[in-house]
Amino acid sequence: MARELPPLTQPNTPTSTVKRFYFCRHGETGPNSLGVLQGSGIDEFLNDRGVFQAQCLRDRLDNVKIDLIVSSHLKRAKQTAEIVREKHQETPFVQDPELAEISWGDWEGATSPLLPKLLEDWESGNFGANPPNGESPLQVEARAMPALYKYLDRPEETILFVLHGRLLRILLSSFIYRNLEHMSAFTHHNTCLNLIDVIIESDQSKFSDDPLHGCTVQETHVLDDNVSVDPLKVHPRVHMPVQSTLVHPRNLTLLPLLLDDRSHLPPEMRQ
């Protein structure tokens with residue numbers, strides 16, 4: 001049985017509004033099942049397993065209030081969102097290309113033996129490292145976070161985002177921690193559900209550089225799908241010469257309530 005979704009953390013106040021963001025990953029594709037890197041260049045529809053996963057997500061969200069559905073323009077995310085929307089046919093649907101998956105460049109469509117080394121670089125703090133002709137986490141953050149923040153200015157209170165695994169790692173680390181050092185903490189299985197309540201404060205005396213306001217997030221630690229990395233090869237994190245120049249809003253309090261939840265799937269599909 002799917003885990004019950006918690007109620008909204010708090011009501012609006014005279015100085016604050018609360019939005020609820022659901023972040024989901026798309027259903028499985030053929031390349032997913034083979035461990036092949038898709039990125040933004042391999043644009044596949046869901047396979048049969050992925051369609052079933054999306055239907056399970058749809059049924060879980062059947063009676064949930066959703067004011068806006070957002071996906072990337074890539075087929076696997078768009079198809080997953082459209083399946084969920086079968087139970088929310090009046091809900092507006094936006095495709096946002098700025099929320100596409102990371103580009104793996106020359107590695108797309110293959111299983112690169114060099115991927116573990118790149119993941120080691122990222123885990124060591126070199127977020128400017130990129131695959132040949134592909135994007136670095138810093139580049140993805142620079143395009144995706146401004147796209148995410150613009151949805152805070154929209155009138156919709158509850159927004160469902162259907163996105164991609166590596167993008168979600170980058171986006172949630174940047175959103176929750178305002179840095180990329182926690183990418184490996186955010187595992188993402190196909191059609192998983194992440195739930196974050198976002199309190200938007202207008203009283204400047206309550207602004208903070210810590211969007212969690214002292215709260216903690218229970219983290220896992222898996223570097224990527226189908227990839228194992230020897231922890232002895234990961235160098236201690238150091239300050240790298242290229243740092244993010246992204247300016248995060250200081251008027252947000254973030255309350256992560258679910259991370260990588262897939263209780264809507266049959267037990268044999270939750271691994």
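The briefing below goes through this predicted model topic by topic.

**Cysteines**
- A search covering the whole structure finds 0 disulfides.
- For Cys 24, the closest cysteine sulfur belongs to Cys 192 and lies 6.9 Å away, which is too far for a bond, because a disulfide requires the two sulfur atoms to be within 2.5 Å.
- Cys 24 counts as buried, with a relative accessibility of 0%, and Cys 56 also counts as buried, with a relative accessibility of 11%.

**Aromatic rings**
- The count of aromatic pairs comes to 9, and one of them joins Tyr 151 to Phe 161 in an edge-to-face arrangement, with 5.4 Å from centre to centre and 80 degrees between the planes.
- This pair links distant parts of the chain, since Tyr 151 sits in the loop between helix 5 (137–149) and strand 4 (158–163), while Phe 161 belongs to strand 4, 10 residues apart.
- Tyr 151 and Phe 161 are both buried.
- Tyr 151 and Phe 161 also belong to one aromatic cluster, which they form together with Phe 21, Phe 23, Tyr 149 and Phe 175.

**Thr 111 and its contacts**
- Thr 111 is located in the loop that runs between strand 3 (93–95) and helix 4 (115–123).
- When residues up to four places away in sequence are not counted, Thr 111 touches Leu 34, Gly 35 and Val 36.
- Thr 111 and Gln 38 are 73 residues apart along the chain, yet a separation of 9.7 Å is computed between their C-alpha atoms.

Terms used:
Residues numbered from 1 in each chain as written. Predicted model: local features only at pLDDT ≥ 70, side-chain atom pairs only at ≥ 80, totals over all residues. Heavy atoms only, no water. Buried < 20%, exposed > 50% of the residue type's maximum accessible area, 1.4 Å probe, protein only. Phe/Tyr/Trp six-rings, centres within 6.5 Å; stacked < 30°, edge-to-face > 60°. Helix = DSSP H or I, 4+ residues; strand = E, 2+ residues; numbered from the N terminus. Contact = heavy atoms within 4.5 Å.
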